[in-house]
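Could you walk me through this structure while I have it open in the viewer? I would like to know what to select at each stop and what to look for there.

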Amino acid sequence: MENIKSYVQENKERFLNELIELLKIPSVSADTAYSQDVIDTSEAVKRSLEKAGCDKVEICETAGYPIVYGEKIIDKNLPTVLVYGHYDVQPADPIELWTSPPFEPVIKTTEIHPEGAIFARGACDDKGQMYMHVKAFEYMIQSNTLPCNVKFMIEGEEEVGSVNLKTFVENNTEKLKNDVILISDTGMISNQQPSITTGLRGLSYVEVEVTGPNRDLHSGLYGGAVANPINVLAKMIASLHDENNHITIPGFYDKVEELSLEERAEMAKAPFNLENYKKALDLNDVYGEKGYTTNERNSIRPTLDVNGIWGGYTGEGAKTVIASQAFAKISMRLVPNQDWEEITELFAKHFTSIAPAGVTVKVKPHHGGQGYVTPIDSIGYKAANMAYTETFGVPAIPVRSGGSIPIVALFEKELKSKTILMGFGLDSDAIHSPNEHFGVFNYLKGIETIPLFYKYFVELSK
């Protein structure tokens, strides 16, 4: 244990500088303007795995952005850990809300991160957390303490739904064969209290289009005589929740997993301060489905949210028009047993059915994925808990996350192995938002903790 601590401290500046260089590349997979940057990042990840000690590293082409695969096989009779991560990042918009440029990483101290945090798009999600595994692997190679085989699968399309990963996994089950999958793309409760994510919500993401007249119309000459697509869309969206913030789509809750009062009581043991939560978000109150706590609403309950809405004139000054069309992007976070494709169909059927005469509606599915729950009595979970306990001094708490990593359910189906979600980010790290950051403490603590997972996983597997 002291050896890894010393190694991290001796190489701290190098570890930080290497991550900063990786964060400078704007690998935004959602925007084709950054296509070359995404490809350049895959090459940078390949070089980092080679330098860290992988015997074999390759860029695996897909119909979209490439997947970086690396491995170190020391003995085929030993267990194999498959590390998954992603090198693509979310768009940085709105740029004007960043306190420093999103692709010019800087380290700043904050109240939560007195040792400093790296501010940059992708710092926490997921370049920083992915790179912890590369450096932890480097340490095990340099110290000759790697206790088992390792495989890396780092993709470039996670932020756009991992559209080509399914095909890659299905076609490479032997290459990816493993005993446990290790992912750091989640968070923990605090820097004093680690946690292990045991559940993820599924996702259904759609775009809707409401069309009225065949062109934009003068709002004086036509106002009140034809349906206004923006008005109609707003009413349709508003009708998707009732007065208790319950989703009104018929059949939406039919397969929702209802946790027992005992399970909910166990969840409630996780430290949570509602006043601090509201203060951090500058809210005067929380909001959500009646009958559930904040932590339940954002983890064990399904949701429906509008992610963007547009139509008509939004430029400076006034333009008195009735828009021909209005659009919205809508995401639904799903809980175990809800099938994302079935929910997408239910949404499309309901949304088109509530459209009034005078408009036509189209629903365009984008992407989605299933929810996931991992048992806490598995060898992988126990090994992760032992690793956190050793580095943090307290056991980890199992928690369910409100986020989605759709490929986790795919991994279990195709590779027949469990996934362990060892996250080191914090809720306050502003992932997907302006001023995303990742604590220096968290980054280094991850590098320190991950080798212990390998150690204990191999010991428990004997």
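## A crossing of two helices

Welcome to the first stop: α4 and α14 make a right-handed crossing. To see it, select residues 127-142 for helix α4 and residues 440-461 for helix α14; their axes come within 8 Å and cross at roughly 55°. Because oblique covers the angles left over once roughly parallel, roughly antiparallel and roughly perpendicular are taken out, α4 counts as oblique to α14.

Now show the side chains where the two helices meet. On the α4 side, pick Gly-128, Tyr-131, Met-132, His-133, Lys-135, Ala-136, Tyr-139 and Met-140. On the α14 side, the contact is made by Asn-442, Tyr-443, Gly-446, Ile-447, Ile-450, Pro-451 and Tyr-454. Colour them by class and you will find ten nonpolar, four polar and one charged residues in the contact of α4 with α14. Do keep in mind along the way that this is a predicted model.

## A sheet with helices on it

Next, select β11, β13, β9 and β14. In that order they form an open sheet of four strands with antiparallel pairing. The edges are β11 (303-311) and β14 (360-369), each of which pairs on one side only. On average, neighbouring strands of this sheet are turned by 15° against each other, direction ignored.

Zoom in on strand β9 (residues 202-211), which pairs with β14 in the antiparallel sense over nine bridges. Here Glu-209 stands opposite Lys-362 of β14.

## A buried strand and its partners

For the last stop, select strand β7 (residues 180-183). Which way do its side chains point? Val-180 and Leu-182 point one way, Ile-181 and Ile-183 the other way, and all are buried. As a rule, side chains in a regular strand alternate between the two faces of the sheet.

Now bring in strand β3 (residues 80-86), which runs parallel to β7 and is joined to β7 by four bridges. Click Val-81 and look for its bridge partner in β7, Val-180. Finally, show strand β17 (residues 419-421), which pairs with β7 in the parallel sense over three bridges. In β17, Leu-421 is the bridge partner of Ile-183.

Technical notes
Residues are numbered from 1 along each chain as its sequence is written. This is a predicted model: local features need pLDDT of at least 70, side-chain atom pairs count only at pLDDT 80 or more; totals for chains, interfaces and linings use all residues. Side-chain values use heavy atoms; hydrogens and water are left out. Buried means under 20% relative accessible area, exposed over 50%, partly exposed in between (1.4 Å probe, protein chains only). Two strands pair if DSSP finds at least two bridges between them. Axes are lines fitted to C-alpha atoms, for helices over the stretch in contact, and angles run from 0 to 180 degrees between N-to-C directions. Angles under 35 degrees count as roughly parallel, over 145 as roughly antiparallel, 65 to 115 as roughly perpendicular and the rest as oblique. A crossing is left-handed if the near helix is turned anticlockwise from the far one by less than a right angle, and right-handed if clockwise. Contact means heavy atoms within 4.5 Å. Ala, Val, Leu, Ile, Met, Phe, Trp, Tyr, Cys and Pro count as nonpolar, Asp, Glu, Lys and Arg as charged, and the others, Gly among them, as polar.
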